[in-house]
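This briefing covers helix packing, chain symmetry and overall chain dimensions. Please read it alongside the sequence and the coordinates.

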Protein chains: 6
Amino acid sequence: MELFNNYSFISCNKEFHSADTIIFGAPYDGTSSFRPGSRFASSRIRIDSYGLETYSPYLDKDLLSRDIHDAGDLDFPFGNRDLVMRYIKEFVTNTIHHNKKTLMIGGEHLVTLPVVEAFHHKFKDLVVLHFDAHTDLREDYMGEKLSHATVIRRIWDLLGDDRIYQFGIRSGLKEEFEWAASGHTTLNKFGYEMLDDVIHTIKDRPVYVTIDLDILDPSIFPGTGTPEPGGISFNDMMRIISKLQALNIVGADVVELSPDYDSTGVSTAVASKIIREMLLVL
Amino acid sequence: MELFNNYSFISCNKEFHSADTIIFGAPYDGTSSFRPGSRFASSRIRIDSYGLETYSPYLDKDLLSRDIHDAGDLDFPFGNRDLVMRYIKEFVTNTIHHNKKTLMIGGEHLVTLPVVEAFHHKFKDLVVLHFDAHTDLREDYMGEKLSHATVIRRIWDLLGDDRIYQFGIRSGLKEEFEWAASGHTTLNKFGYEMLDDVIHTIKDRPVYVTIDLDILDPSIFPGTGTPEPGGISFNDMMRIISKLQALNIVGADVVELSPDYDSTGVSTAVASKIIREMLLVL
Amino acid sequence: MELFNNYSFISCNKEFHSADTIIFGAPYDGTSSFRPGSRFASSRIRIDSYGLETYSPYLDKDLLSRDIHDAGDLDFPFGNRDLVMRYIKEFVTNTIHHNKKTLMIGGEHLVTLPVVEAFHHKFKDLVVLHFDAHTDLREDYMGEKLSHATVIRRIWDLLGDDRIYQFGIRSGLKEEFEWAASGHTTLNKFGYEMLDDVIHTIKDRPVYVTIDLDILDPSIFPGTGTPEPGGISFNDMMRIISKLQALNIVGADVVELSPDYDSTGVSTAVASKIIREMLLVL
Amino acid sequence: MELFNNYSFISCNKEFHSADTIIFGAPYDGTSSFRPGSRFASSRIRIDSYGLETYSPYLDKDLLSRDIHDAGDLDFPFGNRDLVMRYIKEFVTNTIHHNKKTLMIGGEHLVTLPVVEAFHHKFKDLVVLHFDAHTDLREDYMGEKLSHATVIRRIWDLLGDDRIYQFGIRSGLKEEFEWAASGHTTLNKFGYEMLDDVIHTIKDRPVYVTIDLDILDPSIFPGTGTPEPGGISFNDMMRIISKLQALNIVGADVVELSPDYDSTGVSTAVASKIIREMLLVL
Amino acid sequence: MELFNNYSFISCNKEFHSADTIIFGAPYDGTSSFRPGSRFASSRIRIDSYGLETYSPYLDKDLLSRDIHDAGDLDFPFGNRDLVMRYIKEFVTNTIHHNKKTLMIGGEHLVTLPVVEAFHHKFKDLVVLHFDAHTDLREDYMGEKLSHATVIRRIWDLLGDDRIYQFGIRSGLKEEFEWAASGHTTLNKFGYEMLDDVIHTIKDRPVYVTIDLDILDPSIFPGTGTPEPGGISFNDMMRIISKLQALNIVGADVVELSPDYDSTGVSTAVASKIIREMLLVL
Amino acid sequence: MELFNNYSFISCNKEFHSADTIIFGAPYDGTSSFRPGSRFASSRIRIDSYGLETYSPYLDKDLLSRDIHDAGDLDFPFGNRDLVMRYIKEFVTNTIHHNKKTLMIGGEHLVTLPVVEAFHHKFKDLVVLHFDAHTDLREDYMGEKLSHATVIRRIWDLLGDDRIYQFGIRSGLKEEFEWAASGHTTLNKFGYEMLDDVIHTIKDRPVYVTIDLDILDPSIFPGTGTPEPGGISFNDMMRIISKLQALNIVGADVVELSPDYDSTGVSTAVASKIIREMLLVL
């Protein structure tokens, strides 16, 4: 007779100090303009992760052989965006200080910004791989500089040209596509044909990977704030992650699951499996 | 052959200047701590209002004989709570300046604060009738002074003792109940037995009415952020509104419908009918 | 080892000729103006009826001791309202010819008209008891004489004054309430306080009972086209049916369940239990 | 501070007389035999269209540079199919008279018939491109000549052989496939391999395009009356629309979204994006 | 900055040995005949319990002043009913051995049987208070002696006459009602009018309380396997629990929440609040 | 005027003795570990099958020309797994005795075991084709030998090496993949590339085909207990079934539809069409 009383992603039950990787949740969705609810992603993913196997037949690796600590969710003051940003940055800065990698479960895409700030503080030559349906390159959104729709532009403010690689993009303003094309980011419209070349270019520089799950086609991932048909398939995502093994990834995030919009539970299952795979390549 | 191309609550189609009452939406839910989504209330209510009759058998009055303008929804910058507060206050201040009454459709309960500020600027002896399941009397919520959980406390900061009457309250911290009981507000636990006396006390002073729809039992109103069983019935609410006819109401709001949490559409139908009745007693 | 392969309401498995009562479905919803879907009511009710007990503790009677035949559903040509009306009338006329009572499962409320026509042909002194949230007394609806919103007016065309008794009514045009009040029908607003007197008045005249399930409060019956809060409770309905035992009921119907709008299944469970009770008092 | 009070598809806000294209809704679903609800498509699409960008990265065109008027929805008498047909025909005839193109949002597929009648009155050499999962070629359906299942056959009655091109067809009676194959229509089973040749054949003759959205695979478009697995992908539809730019399209429709059957909202998002693309090629 | 990583019912975070009450989950639904899913109750209740206040305005008591340990969920071998029964009995026997009270979250109603067996082993004069819509008094169900439909009969096998008090019962076979009435149990049909007398009779004998949540009306509790309209209200349940304070309760359970059948989340909120109140009277 | 009162899969209305194929339901889900509900599959499939055409454009065959009897559902004692196994085996043994083929609708995957036992009793050289996302090769699951997660291992106990062919497999323990790879079964990871060779190898030996519908990608089949992204498409399944025409199939099953988890109804439509196609190749 056994008892089940875990609060962790499946098998991520090492102590903080004996772990090399920290997984944590950032349940913030305060700038979502269409449909909120990504705040519920991390707790739902943890529960449903127990429907997963720890073994990946895609990578032929097993989570059971990894040392990962699930720190739980950051506890945010709703309505105060700037304080949320600060909490995330402090947590990740401390984690980096202990020489650990991080995998963050969003929340909306704005939560990526403070994490990149923390990593950039340590890794000045950081590059960012951005998987998404949306450009996220607006200078501001309804006057706001900090928004899910501006997050990559803010990261560019930090990193500058030739450091951001965008894949799967199929929605944005005309000006955003033009701004990217004028040399600020490398933008792969619709798919990820350029990924092999990009990996070859990056070599062993430190890489942060941010996956907005709406890069996936809404047929397999309807549970998100702004579904955009025409996305990549789950098997495409498995191929991408497999390729990422060649890189020196220092941190990653998986954002924009809004589980209540998919009552079938499939979106949560997809997010959980992508997290398992990302943990296996970190 | 006719075309339907209205964007207004049913029959609220007068021009701004010929109307005596303005209805508008404040689709903000940025401090919701449990389940967001009240941002969708006003647009859903407008659509479903066309399933209503304009005639109320409860009050034996008809919306067709009223002069009401539906101004649409305020357009907010998501993530910037303070700017949202300012926009609402400016809009209502302007409306009061034109000697019109307002009925606001929330959004979460925090949107009530700037409206009360605007009315208090004109009516120094304003009293507030507060219908709700929750006390909303916290000094702060996770460190934040401006929150759906603190909104009545902030209104008390403005109005002081003996100006706030609370009905239907059935959830809160022990300290909140004690703070109210120490003389700051008049709090009717669970029901509205004290309403007749309160109306008698208020006499013809200007009154603002704020209805958090979660005062209703979740059996008839499940579509809200924090459902609290044990609430009043729809017929209780009809009786309350009928009694309010005796007062000098200068403005009102109906907040905290979160329509996506009730796929049956009943919560939206309930909210729409309560708005019709409130418009008929304004 | 047994097999389940029934297509009938629970225990209504007698042959047509040995039954005294015929239950059948009329899955038509062609004039529904707000939300269609009552076409699915009869087949869903049959399936879920197997979650019911055959014994009623309300009436202390058991369906097992009754002789009822479930004829299945009439098969309608969608889009041709007039032919649908004819099919229903022919079926019921034939059933009456064999001296059987009928219980029809709607469909929308318009399906009641042809049944009343058939019964009126045989019983010239027929009276109609109408349980509903809506008046259904319009002379026409968007120019149409035959509509769910006009059905009781059409029945009045047939029966004339003092033959129609309406209960639970809480929504309609001002003119409809006034027309009823001018002596055409007996209309009990909101509840059923007048039922005892009405039963006393009717005595042993032949009675047709039509139950639009939206008379119930949407808290217990959300699965309907136009939910109207403020309705009667399920226990009220049990009390009503118990009182109906005193009457000479020749036929009845239960209409306007739209099961897809209530994913909890409760509305279907409610409809099934009301049908069981009505079968026990026929 | 701005107000949102539009009732139009995104950016289709020109006046009737200054527009070259008219978009309107035909919310009729009276002959739907399986699951109704396409009556809700146009109003839901308008609301959700504000989650779209106006810029298409597929066509590199922007709705902001187009002159389109959204006329709203035709207001129909439910239950009277023949009057509905007449209203649609009158509206479109008037629009053609003003030399404007139309894009109609259904409703069920039968609404296409009166539009084609109106266009055929002006363009005697009209050809019809029909995208659908179903043949829609029955001579009658349960005795009815006018039905969603007979609509293309009725159009053939009007246009005759060699004028109708069908794509994506994967469901129908054996007789329908045989009737098409005997030379009456050009039918591309399952996909759209023949589209290039068809475009080459049509040249610059006037073309009406009718898109029954169930041509799409239900993985990406579950919100429809009769979902048929095995359909084309969203990217296939983007490729088709891109090819249509070579044609002289005078009118188009997008039918059979039944939004309530897809609680994720993805089907509505898909329909909205297809409408944006069709408007950009009109 | 704080982290949230609890797996316990709100504030039930004492260690086993310093607690006087143990709460645990028994997620078994293997004999559910109509709709399974009560296996998900305990984990959903724990998550949603964080939407609750710890303070009860009904009892004027606060969970913060109690010493309760949440042991988590028993981990069951699906498909092996008899082993499930044994695991529960062993766990509770051990808990009783440490002189602690238990509150079990079901699961279906059969899980009550092994708990009562364990308590009866220690308390020979145990009486059982049974709150339920259903009699649960069948001798067998489809040949099976151990079933949710037979559980109270099995408890009677153990305790004998005059030891079981049933409230709220409104569904069952005619034979079950007759068997109860012949002196085997005290059965209060529909309501709880006899509760005061029963409490007076029981005096200070040890009491086990089993609450099948379907005693509640499905308007407020639709999320259960077999919803039965006509149940008691939430406020009735609050009154019942308040009365239970007069008794010497040694253990209790709350069973038959099936959360997936109520997408509004209200059923889970109701269950959580009832558990809070029961913990406060244990 | 016609009546609809069938309880059969569409057009499977021959008598038992004049049919060559028997279709029946096995609504058991007692060992489902994640999400139960496959018990509802067979009754939902029968209803929705009337939205299907009998003609398959994939195979150019029509169900109208086949002689099939729908026997209904086996009626099971919930909670008694071993008795359920016996009932299924007895039913199929009797059917085989009358020289008929069977198509079983599950239920969870464990129901396949007694059917294979029955067929193996007659056909000693039986081979099994297994289409699934999961290996189902565990020696035990939480100590239980009989479980949905062990069913193919139990079949191997019966048939031994080189008799089981697995396709589409993408989830399992590392040990299961290794056990298969060590020569016990032929396992095609992810897809079905080996199917042509397997068919060539099998030749005319008697074949049993078991289709766990979760082999399909959850984009097109979300309504199942444990959705696994990365599955095959519906068109892949059509191609597989077309290839199966070359084999000597003596029986088949289609399991693990859990219809309540897909409110769009698409999963049920997919299952129904696969059953139609399987019936056409039996």
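In helix H3 of chain D, the residues Thr112(D), Leu113(D), Pro114(D), Val115(D), Val116(D), Ala118(D), Phe119(D) and His120(D) are buried (under 20% relative accessible area with a 1.4 Å probe and protein chains only; exposed is over 50%, and partly exposed lies in between). This is a predicted model, in which local features need pLDDT of at least 70 and side-chain atom pairs count only at pLDDT 80 or more, while totals for chains, interfaces and linings use all residues. Residues are numbered from 1 along each chain as its sequence is written, chains are lettered from A and ligands numbered from 1 in the order in which they are written, and side-chain values use heavy atoms, with hydrogens and water left out.

**Buried helices**

- Helix H3(D) spans residues 112–122, and eight of its eleven residues are buried, so H3(D) is largely enclosed by the rest of the structure. Helices (H or I, at least four residues) and strands (E, at least two) are DSSP runs numbered from the N terminus.
- The cover over the buried residues of H3(D) includes helices H2 (81–97) and H4 (151–159) and strands S6 (101–106), S7 (127–131), S10 (206–212) and S11 (248–255) of chain D. Contact here means heavy atoms within 4.5 Å.
- In chain B, helix H4 (residues 151–159) has Val151(B), Ile152(B), Arg153(B), Arg154(B), Ile155(B) and Leu159(B) as its buried residues.
- Those buried residues of H4(B) pack against helices H3 (112–122) and H5 (174–184) and strands S7 (127–131) and S8 (164–169) of chain B.
- Gly160(B) follows H4(B) and has a positive phi, near 85°.

**A helix crossing in chain F**

- Helix H1 (residues 41–48) and helix H8 (residues 266–281) of chain F have axes that come within 9 Å and cross at roughly 80°. Axes are lines fitted to C-alpha atoms, for helices over the stretch in contact, and angles run from 0 to 180 degrees between N-to-C directions.
- H1(F) and H8(F) are therefore roughly perpendicular to each other (65 to 115 degrees; under 35 is roughly parallel, over 145 roughly antiparallel and the rest oblique).
- On the H1(F) side the contact is made by Arg44(F), Ile45(F) and Asp48(F), which meet Thr268(F), Ala271(F), Ser272(F) and Ile275(F) in H8(F).
- The residues of this contact between H1(F) and H8(F) comprise three nonpolar, two polar and two charged. Ala, Val, Leu, Ile, Met, Phe, Trp, Tyr, Cys and Pro count as nonpolar, Asp, Glu, Lys and Arg as charged, and the others, Gly among them, as polar.

**Relations between chains**

- Copies are superposed by least squares on the C-alpha atoms of residues with pLDDT of at least 70 in both.
- Chain A is laid on chain B by a turn of 180° and a shift of 0.0 Å along the axis, with an RMSD of 0.0 Å. The C-alpha of Gly30(A) is the nearest to the axis in chain A, 2.8 Å from it.
- No contact joins chain D and chain E, and their closest C-alpha atoms lie 12 Å apart.

**Chain A as a whole**

- Chain A has eight helices and eleven strands.
- Buried residues make up 72% of its 282 residues.
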